[in-house]
Protein chains: 2
Amino acid sequence: FPVFTLVRLLGLAAVAGIFYWAVHLRGGMALSTDEESKLPLFNVHPVLMLIGLVALNGEVLNLCCKCKNSFLWYSDILDTNFNGLVIFMHAALLAYKTVPGTKKLKKLVHLALQFLAMFLSLIGLWAVWKFHDERKIDHLYTLHSWLGLACVIFFSLQWATGFWTFWYPGGSRSGRASLLPWHVFFGIFIYVLAIATSVSGLLEKSIFMQSAKMIERFSTEAMFMNWLGLLLVLLGALVILAIVS
Amino acid sequence: FPVFTLVRLLGLAAVAGIFYWAVHLRGGMALSTDEESKLPLFNVHPVLMLIGLVALNGEVLNLCCKCKNSFLWYSDILDTNFNGLVIFMHAALLAYKTVPGTKKLKKLVHLALQFLAMFLSLIGLWAVWKFHDERKIDHLYTLHSWLGLACVIFFSLQWATGFWTFWYPGGSRSGRASLLPWHVFFGIFIYVLAIATSVSGLLEKSIFMQSAKMIERFSTEAMFMNWLGLLLVLLGALVILAIVS
Ligand code: HEM
Ligand code: HEM
Ligand code: HEM
Ligand code: HEM
Ligand SMILES: O=C1O[C@H]([C@@H](O)CO)C(O)=C1O
């Protein structure tokens, strides 16, 4: 049963869904706009957040289950203490099998993809921040925004410490080996957090639009957003299943 | 580092927090009320949901990390195929070490605690449903309510299949052994779902109250609810950490 194919399909479906929502139902995106509502600016936010922190990041996590029966790099790491998180470590190592090329090249792919994810999510964050400024809405008053800020900060820290430990200057062999399980654990935690944050964003956006009488409770759009939220939950469950199984 | 003590403390803090909120900030709870707002009826909902599906359920999950270095019951199950989920199986098995008494008694404790959790959550659900009826609010229009309904249904199914497989009539030995990892995986999934649902409930309640001008964006109460949401996320992360480590 190819979980990773399903994960990729669901990830694509989520990205397609949020694009459809932003472009077709919400009238499009723009990084700067003369429209008084400033809504095209807002619409950039969910799209880039979902692409960066959910789809791309999930794709990177998902790589790890592709070849879970081979242990090519295993010997590289067996010289250290194991703990319970070791199961994730296997997962991590196995990622190297899926991208062709040297170990260094594979690291570079991981590092670069996660950089792209971080970059997109920072633009997405900038867009909603600017939207709030231009519309004179307070910053950081919702639980969604708190979770979201934590998420982006953790992601950036994770990237920086990953870079520092595994790329340049890089720790000692045993240092790297003992940090890897934590790197993977936090990577998974951030992923789950990104899904919870996105779900809460969809929920509040839908409620805001209902309060503003822009959409009805049972309108097609409201139902579409609810289904998209359920899709994200399913995606998260599957990525975790893929990693632990 | 005793993660399980911390998990218990955070669980207690979350329960204390939601009680404080319902009783002190929201004016109390009642299963039937003459107040026109019907809000005391609503207030039963978050409290019972948190106690049942997050705190009690988390307590049950948490038991599994208490004695993670002993493998008393291990031999009982080793005659089957292992797969990656086996790590959770260990966790599951180890729960038996923490409650004194026979294996049967420990199963009974697990079964009974989860029954209590299910029972409380069904009353909590009934309360919000009745609240919606009496105030003539639609049912099941939010993403929160969809996630919540899925959560309660999954929890009940999990209970029923757990009972059927492991208690009465009970499957064959190999049947039980091969179902256990799935039982544990779904148990953890439901737990994470319950946390995400509760976070989304806190978020929407806060936004509803802000739209109704009952509270201000940066009021003590709004900030309190946001912190409670963050506490729940931390709790979820720790329970998962406890289980995998
Ligand atoms: C926020 C950014 C990052 C996240 C969320 C993240 C997450 C993860 C996850 C989930 C794994 C295990 C699964 C997998 O192998 O794909 C992993 C493995 C790994 N990561 Fe990261 N990572 C990030 C940035 C980095 C950076 C900048 C480096 C520097 C080179 C790095 C180095 C590694 C290494 C060496 C492994 C183990 C072997 C491997 O599979 O590539 N990570 N990371
Ligand atoms: C992991 C993904 C996401 C992160 C990290 C994130 C982060 C944030 C942050 C930090 C803010 C606060 C901006 C400010 O205070 O100026 C915000 C606002 C907002 N986001 Fe997101 N977001 C994510 C996904 C989404 C999605 C998918 C939606 C769906 C429509 C959404 C809807 C909103 C809305 C409506 C606001 C404005 C109201 C508020 O401040 O809560 N977000 N987001
Ligand atoms: C919705 C209700 C339930 C949930 C969420 C649930 C969840 C879990 C979880 C997370 C575990 C692994 C951790 C642990 O050992 O505590 C587990 C183990 C187990 N569960 Fe359940 N469970 C439920 C109901 C039941 C029922 C009704 C039975 C019937 C006897 C049952 C039988 C078992 C058995 C035999 C184990 C493995 C050994 C053990 O640790 O007790 N479960 N369950
Ligand atoms: C796992 C825990 C929870 C579950 C399973 C759950 C489930 C549900 C369900 C099924 C409904 C729909 C009732 C109807 O349509 O008549 C609902 C409504 C509601 N719940 Fe929860 N809930 C949970 C936790 C919470 C928490 C912690 C809060 C925080 C205040 C909350 C706030 C609300 C609100 C405001 C409503 C009414 C609006 C709506 O239908 O979404 N819930 N809940
Ligand atoms: O930089 C790395 O550290 C670990 C491991 O080699 C440590 O032993 C790993 O897989 C890398 O690519």
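1. Ground rules. This is a predicted model, with local features needing pLDDT of at least 70 and side-chain atom pairs counting only at pLDDT 80 or more, while totals for chains, interfaces and linings use all residues. Residues are numbered from 1 along each chain as its sequence is written, chains are lettered from A and ligands numbered from 1 in the order in which they are written, and side-chain values use heavy atoms, with hydrogens and water left out.

2. Who sits around ligand 2. The shell has 24 residues, and His45(A), His139(A), Thr142(A), His144(A) and Glu204(A) come nearest; to be in the shell, a residue needs a heavy atom within 4 Å of the ligand. By type, they split into twelve nonpolar, ten polar and two charged. Here Ala, Val, Leu, Ile, Met, Phe, Trp, Tyr, Cys and Pro are nonpolar, Asp, Glu, Lys and Arg are charged, and the others, Gly among them, are polar.

3. His144(A) has a polar side-chain atom 2.7 Å from a ligand nitrogen. Two or more shell residues each come from α2 (39-62), α4 (103-135), α5 (143-166) and α6 (173-211) of chain A. The largest share, seven residues, belongs to α6(A). Helices here are DSSP runs (H or I, at least four residues), numbered from the N terminus.

4. The α6 pair. The axes of α6(A) and α6(B) (residues 173-211) come within 10 Å and cross at roughly 30°, with axes fitted to C-alpha atoms over the stretch in contact and angles running from 0 to 180 degrees between N-to-C directions. So the two helices are roughly parallel, the label for angles under 35 degrees.

5. What touches in that pair.

6. Backbone points to check by eye. The Tyr168(A)–Pro169(A) peptide bond is cis, with omega near 0°, and Pro169(A) lies in the loop between α5 and α6 of chain A. In chain B, the bond from Tyr168(B) to Pro169(B) is cis with omega near -5°. Leu140(B), in the loop between α4 (103-135) and α5 of chain B, has a positive phi of about 50° despite not being a glycine.

Methods:
A polar contact is a pair of N or O atoms within 3.5 Å; within protein, one must be able to donate a hydrogen and the other to accept it, and residues adjacent in sequence count only if both atoms are side-chain atoms. Angles under 35 degrees count as roughly parallel, over 145 as roughly antiparallel, 65 to 115 as roughly perpendicular and the rest as oblique.
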